[in-house]
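The sequence and structure are shown first.

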Amino acid sequence: MKFTCLSKGGGFHFPPCHMLNVSGFRILLECPLDLSSLAIFSPVPVGLEAHEPLDSESVARKKQKIEKTLDANDLVRAEPWYKTVKNLHLWDASFIDVVLISSPMGMLGLPFLTLSKDFSAKIYVTEATARIGQLMMEDLVSMHMELKQFYGPGDASFPQWMKWEDLEVLPSELKKIALGKYCEELGAWMPLYSAVDVKDCMKKVQTLKYAEEACYNGTLIIRPFSSGLEIGTCNWTISGPKRNVAYISSSIFVSTHAMDFDFLGLRGNDLVIYSDFSSLDTTENMENDDTCFDPVTYTSSNVSDDVNNLEEIAASLLKDDESREEMEKLAFLCTCAFDSVKAGGSVLVPIDRLGIVLCLLEEMSLLLESSSLKVPIYIISSVAEELLAFTNIIPEWLCKHRQEKLFSGEPLFAHVKLIKEGKIHLFPAVHSIELLTNWQEPCIVFCPHWSLRLGPVVHLLRYWCSDPNSLLILESGVDANLALLPFKPMEMKVLQCSFLSGISLQKVQPILKTLRPKLLLFPKELRCKIQISEANTIFRYSENETLRIPTSKESTEIDISTDLASRFRWKPLKKETITWLDGELVMDQGKHRLLSGFQPVDSKQQRPLLHWGSPDLKGLLTELSKMGITGTVKKVSDEAEPENAAGIIDIVGPEKALIDVRETGTVIIAANDNLASHIFKAIDIVLDGV
């Protein structure tokens with residue numbers, strides 16, 4: 001088995017990406033886009049800005065590579081390209097057999113793969129992730145269309161901004177995003193796919209329900225289990241003949257909206273791939289220590305098999321402390337939004353985390369209802385109506401609290417009622433006539449895109465950026481200075497808030513103690529933050545490094561049909577016994593099976609095809625004489641034992657032949673095929689065989 005980390009990702013919006021080779025099949029884990037790289041581009045210009053060239057000072061500074069504080073003129077004014085996983089484009093798409101997608105964010109780059117004529121892999125996604133991911137891709141295409149229409153048709157193969165002379169004069173901060181630390185990421189940029197490409201991509205996707213089994217090529221059994229990160233997000237188990245693998249992506253134990261992290265469904269696997277890098281986003285100044293050796297062996301004597309102990313660990317992991325903290329954050333955001341609205345300002349929320357948006361809608365609506373303020377809430381997105389409607393018909397992937405609402409006849413989320421009451425308004429675009437006629441300020445607006453480079457947020461941010469009473473709510477992880485560069489000077493208040501994006505550091509040890517894998521693949525970047533002692537063997541991985549993992553099973557189990565088992569004819573072979581079977585060996589549901597042949601052969605007519613040992617020369621002469629064949633022992637090795645003596649038998653009648661008996665084998669030399677056949681039968685009688 002081989003494992004290669006292609007990218008460690010970059011937070012919630014850019015999950016890690018890996019390549020796994022198991023049982024001879026190559027599996028791609030996630031296919032995201034790095035949308036944070038859009039920060040190097042300028043949003044669509046407006047008014048006179050669209051027709052003004054760069055000022056001479058900015059041009060001169062670029063040519064002379066003079067570094068100073070970044071400003072809006074330093075950004076690339078061109079139709080944006082999109083950055084895929086930096087090392088994925090180096091792999092031949094035709095060699096990929098399976099693609100596993102854990103979240104909607106992890107499938108945004110999928111159309112780039114399916115566009116390749118050589119790509120033929122099977123793509124597995126949960127039903128909820130497939131639908132939400134498709135809507136996110138369609139919305140991305142819709143938002144990009146505005147920039148495409150503004151800049152018009154250009155060189156689709158190699159735009160001007162990607163030419164080396166233009167890249168060289170970019171400020172160092174932007175150049176690092178465009179080219180990477182070692183200038184190795186230029187090949188990862190791609191022009192965005194079209195709406196037709198998205199539809200073609202979704203036709204190649206096989207959707208799975210919660211914990212539903214999928215069998216690939218009769219060899220691998222693949223199952224998704226809830227990760228709790230978002231609605232429909234999952235972790236995967238991959239079971240094969242010689243390896244059972246559990247893949248852990250970013251996960252949340254107790255969610256306010258999605259089904260909880262089903263970590264018990266991942267037990268019983270001998271290898272765990274830990275791919276939750278979210279704790280890196282919450283820690284700073286990671287110590288750079290290169291003194292670790294791979295693999296590192298630990299003892300597991302402190303791990304108890306006691307069921308009650310495991311239940312206690314599971315109960316501690318499922319405490320709702322983290323979900324309460326998340327609700328407190330949401331309540332704080334709503335209070336800040338309420339204060340801004342009360343002061344006459346508006347609130348802009350370009351957050352695309354579906355669960356966070358749904359919870360914010362509920363909390364803000366409750367807060368506004370408890371006050372005398374009547375403030376409209378607008379949701380502006382080309383897919384808002386479809387997305388909100390879909391969230392009310394997928395109870396399978398929601399938390400227990402939401403599922404209980406289904407049985408009581410209540411809507412799963414409060415936005416259904418609020419839309420009917422006219423408190424929440426949905427519009428496909430910021431320039432739609434319905435929005436312009438309904439518009440009222442102050443207001444609260446939810447709209448994409450969190451990068452602040454495309455979508456309705458660009459126009460609304462330009463509109464409110466000079467209002468000190470208005471509020472912009474951003475998610476932490478976004479480089480606010482770079483993101484807000486085109487909108488400076490900013491009088492608008494900016495609030496950045498972090499949301500739970502994965503397993504917290506203090507829960508890594510307990511979850512691994514519960515899973516108890518024999519082998520663990522763990523990120524090197526986390527080695528100084530987490531001390532792992534519960535796994536038997538740890539392999540630490542880093543980006544663009546291939547690890548070879550030893551096979552855990554020395555032998556392979558095989559299921560034999562009962563009719564074949566009844567034909568066993570055991571014969572001793574040294575310290576073991578063996579038998580000969582005639583059947584069809586197949587791989588089915590991840591197991592080797594030996595089935596009866598269509599034309600069973602009569603055992604009486606079967607002749608051994610495998611012999612062992614050396615024939616006894618005297619016994620062989622006796623059997624030959626019974627067949628009317630005479631001969632004499634011509635030469636016997638002095639060192640050979642009497643019972644298995646090596647030598648030469650000279651056959652003199654009825655025709656001449658020679659039998660050369662050696663320790664390594666017996667050779668029959670005869671001019672007559674019929675005589676040779678009789679000699680072979682005699683040897684067959686003397687020797688053991690199957």
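The largest cavity is lined by 29 residues, and those nearest its centre are M136, D139, I351, D352 and L387. A cavity here is a set of points on a 1 Å grid over the protein atoms alone where a 1.4 Å probe fits but cannot get out, and lining residues have an atom within 4 Å of a point. The model is predicted: local features need pLDDT of at least 70 and side-chain atom pairs count only at pLDDT 80 or more, whereas totals for chains, interfaces and linings use all residues. Residues are numbered from 1 along each chain as its sequence is written, and side-chain values use heavy atoms, with hydrogens and water left out.

**Largest cavity**

- The elements that give two or more residues to the lining of the largest cavity are helix 3 (127–151), helix 10 (354–369) and helix 11 (384–390); helices (H or I, at least four residues) and strands (E, at least two) are DSSP runs numbered from the N terminus.
- Helix 3 gives the most to this lining, with 5 residues.
- The space in the largest cavity comes to about 500 Å³, where a volume is the space filled by probe spheres set on the grid points, which are joined across faces, edges and corners.
- By class, the lining of the largest cavity holds 22 nonpolar, 3 polar and 4 charged residues. Ala, Val, Leu, Ile, Met, Phe, Trp, Tyr, Cys and Pro count as nonpolar, Asp, Glu, Lys and Arg as charged, and the others, Gly among them, as polar.

**Other cavities**

- The count comes to 3 cavities of 30 Å³ or more.
- The second largest cavity holds about 130 Å³ of space.
- Its lining has 14 residues, of which I252, T256, H257, E326 and I356 lie nearest the centre.
- Helix 9 (residues 321–342) supplies the largest share of that lining, 3 residues.
- The lining of the second largest cavity divides into 6 nonpolar, 5 polar and 3 charged residues.

**Loop residue V430**

- V430 is found in the loop between strand 18 (424–427) and helix 14 (433–438).
- Leaving aside neighbours within four places in sequence, V430 is in contact (heavy atoms within 4.5 Å) with I380, L435, L436, P456, H459 and L460.
- V430 and S382 are 48 residues apart along the chain, and their C-alpha atoms are separated by 9.7 Å.

- An open sheet of 3 strands runs in the order 25-29-28 with mixed pairing; two strands pair if DSSP finds at least two bridges between them.
- Strand 25 (558–560) and strand 28 (583–588) stand at the edges with a single partner strand each, so one side of each is left without a neighbour in the sheet.
- Strand 28 pairs with strand 29 (residues 591–596) in the antiparallel sense over 6 bridges, and M587 has H592 of strand 29 as its bridge partner.
- K591 belongs to strand 29 and is partly exposed, with a relative accessible area of 45%. Buried means under 20% relative accessible area, exposed over 50%, and partly exposed in between (1.4 Å probe, protein chains only).
- Not counting residues up to four places away in sequence, K591 touches G218, D559 and V586.
- K591 and G240 lie 351 residues apart in sequence and 7.5 Å apart in space, C-alpha to C-alpha.

**Chain totals**

- The chain has 20 helices and 35 strands.
- Of its 690 residues, 49% count as buried.
- Among contacts between residues at least 6 apart in sequence, 70% join residues at least 24 apart.

Terms used
1 Å grid on protein atoms, 1.4 Å probe; cavity = no way out; pocket = protein on both sides within 12 Å on 5 of 7 lines; lining within 4 Å.
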